[in-house]
Amino acid sequence: MSQLAAFAILVFILYIGDVVALRTKSKLPSVFVCAVLFLVGYWTFFPANIVEIAGIPTPVVYLAIYLLITNMGTLLSIDELKRQWRTVVIALCGIAGIAAILFTVGRLFLDYQTVIVATPPLTGGIVSSLIMSQAASEAGLESLAVLAILIYVMQGFIGYPLTSLMLQREGRRVLSLYRAGQWVVTDDAATGSTLEENPLPRLFQKMPPAYNTVYFKLFRLGVVAFLAWGVAQLIQPVFEISPFVLCLIGGVLASSFGFLERQPLQSANSFGFVIMVLMLFIFGGLNRATPEMLLDLAGPMFGAIIIGISGMYIFSYVAGKFLGMTPAMAFACSLTALYGFPADYVITNEVVNTLTDDEKERAALSAHMMPSMLVAGFVTVTMVSVVIAGIFTGLI
């Protein structure tokens, strides 16, 4: 198979996943559709190394991971985290619930290594799944490497409808109060602040905007990622910490001090390509998944997801009670760990549009639910999942 043919086939599969997700309003998540098509391909005519044939070898994937995690760090706004501190606490409690129940109840049904590999993907998205899959593969645990990918594929299939259900319940409550004149809309919730295009970073304000080219943005992003990797290598003899964790911290610091703008990959028109590289590599790991292996992994996969989500609900429910957030909204915020941005934005927006056609009511619902959902998604997937994956790789 030629390189261009392999590339065209793989990207077409990603496109089919997007179309199906759009047509079904995410009832069939794109990652689920793509995973099924990749499995069919590997079981029929795909070469085992079709992703590498398409021009995406492992070194390119690691470059994409370093850049993406550093980019993710720039999404974190300290001011927004301060305003949404209750949301942050509840999201963290939800993640703690996943780990706590998996390491207690889960150990009654799952072995130790399965729990170690399954926990980080449940607390985050593509990056944590890829980190754990690679770590399991390097440890010779091929079936668990596939399990990390399968959990990432299937958790959204469960998380999307659950989130929609919780948000609809919360939205109907808010609407009834709003229509009764008992709900006050706050203006401090910037529902779209994380999506706006950002100006030049503070350290480069005096530079002509024309000089802030795509290459300059990628150069600065690469410098931050390199420094984070360098620090990890420097302190390794004394204390081992994942360079991915330091890339995340580096992105936060670099954007806070004005060296990086927020979302530099997006402003450099490179985000889509980087995500494509990671998605193809993730699905490429399914080349090891035989039908027999899938049958063997079905129990651990669904067991880990159901047990983990149960722990998430219990902990977020208790935290919400203490912090004055309804159980539905608290659980919805915690569920963002299963998919993160932009799915949290899309689902919330779909629910708001479904509940009412009145623009003022939609504005009230968005002002209440959108900031919490966005912050929760950034905290869980962007920050905590990478940290957890960096720690858990050393436990395999």
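I began with a cut-off: a residue is buried under 20% relative accessible area, exposed over 50%, and partly exposed in between. I kept in mind that this is a predicted model.

Entry 1: I looked up Arg-173 and found 32% relative accessibility, so Arg-173 counts as partly exposed.

**Entry 2: other salt bridges.** I noted 5 salt bridges in the structure. One of them joins Arg-220 and Glu-261 at 2.8 Å, N to O. This pair links distant parts of the chain, 41 residues apart: Arg-220 is in helix α10, and Glu-261 is in the loop between α11 and α12. I found both Arg-220 and Glu-261 buried.

I then checked Glu-359 and Arg-362, whose side chains meet at 3.6 Å, N to O. Glu-359 is exposed at 57%, whereas Arg-362 is buried at 18%. Salt bridges with shared partners join Asp-357, Glu-359 and Arg-362 into one network.

**Entry 3: two helices.** I looked at α4 (residues 58-73) and α10 (residues 214-235), which pack at about 100° with axes 9 Å apart. The two helices are therefore roughly perpendicular. The residues of this contact divide into 6 nonpolar, 3 polar and no charged.

**Entry 4: the core.** Which residues touch the most other members of the largest nonpolar core? I found Phe-38, Phe-283 and Leu-286, out of 114 residues. Helix α9 gives the most to this core, with 16 residues.

Terms used:
Residues numbered from 1 in each chain as written. Predicted model: local features only at pLDDT ≥ 70, side-chain atom pairs only at ≥ 80, totals over all residues. Heavy atoms only, no water. Axes fitted to C-alpha atoms, helices over the stretch in contact; angles between N-to-C directions. Helix = DSSP H or I, 4+ residues; strand = E, 2+ residues; numbered from the N terminus. Parallel < 35°, antiparallel > 145°, perpendicular 65-115°, else oblique. Nonpolar A, V, L, I, M, F, W, Y, C, P; charged D, E, K, R; others polar. Core = buried A, V, L, I, M, F, W, Y, C linked by side-chain atoms within 4.5 Å. Buried < 20%, exposed > 50% of the residue type's maximum accessible area, 1.4 Å probe, protein only. Salt bridge = Lys/Arg side-chain N within 4 Å of Asp/Glu carboxyl O.
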